Amino acid sequence: MKLLHRDMDKTNSGSVTLIPEESEDMWHAYNLVAVGDTIRSTTIRKVQTESATGSVNVSKVRTTLTIQVEGIDFDTQACVLRVSGRNISENQYVKMGAYHTLLLEMNRQFTLNKQEWDSITLERIDQACDPAQHADLVAIVMQEGIAHLCLITPSMTLVRAKIETSIPRKRKGLCDQHTKGLHRFYNQIIQAFQRHVNFDIVKCVLIASPGFVKDHFTDYLFAEALKMDDKTIIENRSKFVLVHSSSGFKHALKEVLADPAITARLSDTKAAGEVKALDDFYTMLQTDPDRAYYGVRHCERAVENQAIEILLVSDELFRSQDISQRKRYVSLVDSVRENGGDVRIFSSLHVSGEQLGQLSGVAAILRFPMPEEDEEEEDENDSDDD
Amino acid sequence: MSRHRMVRSMNYEDEYYDDEDEYSRSVEDSYCISPSTAAQFTWNREKNVNFASYMNNEEVIDEGDEDAEEDDSLSQHNSLSDSANSAKLRLSEIDQAKLNSCLEEARNILGESTPESVLVDVIIENHFNLDAAVNQLLTQQDVPKPQREPRQRRNRSQVFTVPASTETTSLSDVGSDKHPSSTDSVLSAPYPITVPTASVVKPTIVTPAASSAKATVGFLEREDGMVKKQTPPVSPLPSKKSGDAGGLKLKIDAANSPRSSPKTVQQQKAGKKAEGAVGGLAEGNGDVAGRELAGTHLRSAVEMMGLEGDEGTIQSTVDSMKPLATPKSKSKASKLDVMAEYSKRHGDKELLNLVVIGHVDAGKSTLMGHLLYQLGSVNKKTMHKYEQESKKLGKSSFAFAWVLDETEEERSRGVTMDVAQTRFETGKKIVTLLDAPGHKDFIPNMITGTSQADVAVLVINATRGEFETGFDAGGQTREHALLARSLGVGQVIVAVNKMDTVDWSQERYELITKKLGQFLTRQAGFREADVTFVPCSGLSGENLSRPPTVPELVAWYTPAVTLVEQIDKLRPPVRPIDKPFRLNVSDVFTRVGSGFNVAGRVGSGFVQPGDKIIIMPAAMTATVKNVYIDEVPETVAFAGDQVNITLSGVDMVNVNIGSCLCDPASPTRSATRIRAKIVIFNIAVPITKGFPVVFHYQSINEPAVIKRLLCQLNRNTGEVVKRKPRCLVKNSSAVVEIELERSLCVELYTDFKDLGRFMLRSGGHTIAAGLVEEIVQSKMRQNGSS
């Protein structure tokens, strides 16, 4: 993301102008835009003109519109952000108050105006504009019959393909059916792989599975690549890394990213850091439950006592439509920072973020044990998870 | 480098395929000469077709007569089919082996010209003397064969579905099974055209003793058909002939009609009536439900039927009827019958599903492979082949494991990866053996296997250091034992394997038994009486089926109990036959000629060909076309049986591993969210809500999330310790809600004990075992759970 212009006053209201450069930036934009903001960008609008004689003429025009945001929609598959709302600056084509949906595109600048830019959003902009190289990686998590082909960027884990086939088991005298089923399964993965993986971007391909499936598959993949004369796969052979995972389901990615061999290779990947933080939390919960809190009430109480050492928050919470909710979380984060605590904002698209989201979205490791007070917030928690 | 590798992998593939071809036939590797193998498995018109022709031809029949010894008065041709039949049934394993080898030799000499049944008869008659048998056959071949009549074709098709019933029916000499009146029995009889054997009785067709013939509408036309039919077969005895014809015809009818129960009944009636029409030829040969009748009853019935023959023959008839084990009444309505049949079959030999578990490289497959070999389930030739091939790979110690590890990958890596299933018989039991993988990555497969088992053999590697690694934290010995206990396995035999590596040291044995005994009874929760220990060696085969001979072992191991004896002592569980039918699909595959099959263990109830069933969660109805147990067609399968079922009326895409076949009258429910009681094992990180787990249930593993922690329980008393705990730590017990990624068919523990258990795993460790308490939410499919 490129930051072109930034204009903020003392009250932190103002506007920024940004150019998204890659699909990842769309995710950042999605986290920046909130209901009530105004956003200005060029767009294509279908315009109807009626001539004096009454004939209707429809034409598409490119025009720049400013809308007040009412709805935000992020498509993870295409990495497209759609923002809808009413027009607030009239021009020759579009009347005031007319509804329009802006499609934020890559490499086209937009200007976002907020009444209040809070610390989280500002941090997000910094992060998005950090020119540090992003390590994009592809992970294939598989077990016999199930495979997930995932694209992992610093703040997103996108499942590009989920492959599921039933493979006949081994059975007296019918082993070849098992083999055939297995090869069919592998072929499907290879197809998905060729369709979704672009080696210009991808730095590393992780193949993870329990048992020998990964080895078997890798051998098969290269053999097939040779047969099909697929140069890209053969040339990028060094990018393939085999890792152990306990199953082929998506959440097994967590284990994959926690694997020390992998973390060394992808040192700066946010995903791996998040996994580590969540693991720490769980370890703390095991060893000293009074030092590991989760749920927003509990965490707030801990903040009051300046007890929080590390706060884990899911970015989902900041996308809340409810402004007061959002403010509550922002103030939580701010006060933790003030007290010298560390804040990790998890991407809800990563597996670890998903898990944190299930765990009420906020968790904390405390500096010192605080005995828990019972039962007060349970109802709220329960309502959270449905 | 890469090029080199590619070449290698290609070769590897080729080899793989080549071998594959062999493996796919490996069952009959003994007859490794391909024509005979082919003859055995490809269906050959010449082979079984000619029965009927033989039947009506006395000269031909002369040869095939085994029973002649027993009763000279027998009309020989009658006994033909029976003798073959009974021979098949009663052959001991050794005899069977002899028979097989003779058969093969005979084939080489005679080619395909002689039907197998005739071969078998002749060989048995000649007491497995090959030369004599061949001589007899060759002389016999000169006899002109009667023309085959077209109808027989259909019969033949039955023949092939058949041998199923054999294992349960220990018919002594009897053709009673073939009574035309029972469709089932006809279907199950190995030889379609049947002249009742109790050949004493001249008139071939025998009416069910108990029931008097009732005329039905359906019957009349049958009779007509029968009458028409009477002409073609020409045989010296007119009365017999007509009887035959009648029987034949009826059978054909039976074959043609769908196998639904009402029809069967009708047919039975028709059969009876027909016999009446033939003119009192009929005599009692009960294979109908009435088979259980007391001897006296039978006798009177038999007499009433107007038997010809003397007292002795009547007696023999009666006797022959009594031991019949299987009334194959198809009508599901009569549940009593089914129960009765079950109890009878049960009385024969008890069925036991046995899973072999233990740490990786404990020698599970080798132990069981050797056991199978000793029990004669694997023939020498195959074994020799394995030995040679494994030697080639430099893994000669794996030869026995190859019996069970059939895939190329398993063999080359020397690790079992998926559960192998096979079957063997001991003196008292029919054992379905499930050989589970020991490697920790394949525990999902092991769970699948164990969930289908009643009892377990826990194999321990006695080698110094190895036992310890397997038993320490991180070893699979513990995990497997806990899993087995949690999945409902109540009895376990601990096979202390590889005792030869520690010189059969008593100390070592006692150390292991002591440690394990404590663990199994205290921690895993087995009852002390249900845990037994056996020292053995899978590689040398010591103390498996034969009493120990090694002096070091004999010295201290008293009383010497072999592994097989120990298995014989296990008690099979009570099986829920009276519950509605359930079968969790563990495999879906196609097979040439029989559409697509599903495999699995019948979880409860019973199933018969022709039954309508519902496949959940797809909520599709289908019809059971065939039921196979151990590759043999059966007419009924009960809870506990490992079956293959051929389905019709449903597309293969609707049936997945994990689908549940169930009784349409009370289908299972599919659930997306369940409430369950879980017992948490020794885990590294506590369970909180939102904890992602893998949910293992029967043969399925699905991602799931623990949504709510409802309350923590006292592990022993079950009292609520804390409501809504924040997290669940190790070794606790709790009630939780679990949300599944998509709907699965689960059963409540209160309804179906076996089907209400599941396991939770995370990160490659088993974290909890659970019991389904309630289905909180279920997404209805289109048809709902109807």
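Student: What is the strand order of the open sheet of 5 strands in chain A?

Tutor: Strands of a sheet pair through backbone hydrogen bonds, either parallel or antiparallel. In this predicted model, the open sheet of chain A has the order 10-9-8-11-12, and its pairing is mixed.

Student: Which strands stand at the edges?

Tutor: Strand 10 (156-164) and strand 12 (240-244) of chain A each have a single partner strand, so one side of each is left without a neighbour in the sheet. On average, neighbouring strands of this sheet are turned by 20° against each other, direction ignored.

Student: How many bridges join strand 11 to strand 12 of chain A?

Tutor: Strand 11 (residues 202-209) runs parallel to strand 12 of chain A, and 5 bridges join them. Within strand 12 of chain A, A:V241 is the bridge partner of A:L206.

Student: At what angle do helix 9 and helix 10 of chain A pack?

Tutor: Helix 9 (residues 296-304) and helix 10 (residues 323-338) of chain A pack at about 35°, their axes 10 Å apart. The crossing is left-handed. Helix 9 of chain A contributes A:C299, A:E300 and A:V303 to the contact, and helix 10 of chain A contributes A:L332, A:S335 and A:V336. By class, these residues divide into 4 nonpolar, 1 polar and 1 charged.

Student: How many residues of chain B are in contact with chain A?

Tutor: The size of an interface is often given as the accessible area lost when the parts come together. Here the description is by residue contacts: 44 residues of chain B are in contact with 40 residues of chain A. Helix 1 of chain B gives the most to the chain B side, with 7 residues. That side has 19 nonpolar, 12 polar and 13 charged residues.

Terms used: Residues are numbered from 1 along each chain as its sequence is written. Chains are lettered from A and ligands numbered from 1 in the order in which they are written. This is a predicted model: local features need pLDDT of at least 70, side-chain atom pairs count only at pLDDT 80 or more; totals for chains, interfaces and linings use all residues. Two residues are in contact if their C-beta atoms, placed from the backbone, lie within 7 Å. Helices (H or I, at least four residues) and strands (E, at least two) are DSSP runs, numbered from the N terminus. Ala, Val, Leu, Ile, Met, Phe, Trp, Tyr, Cys and Pro count as nonpolar, Asp, Glu, Lys and Arg as charged, and the others, Gly among them, as polar. Two strands pair if DSSP finds at least two bridges between them. Axes are lines fitted to C-alpha atoms, for helices over the stretch in contact, and angles run from 0 to 180 degrees between N-to-C directions. A crossing is left-handed if the near helix is turned anticlockwise from the far one by less than a right angle, and right-handed if clockwise.
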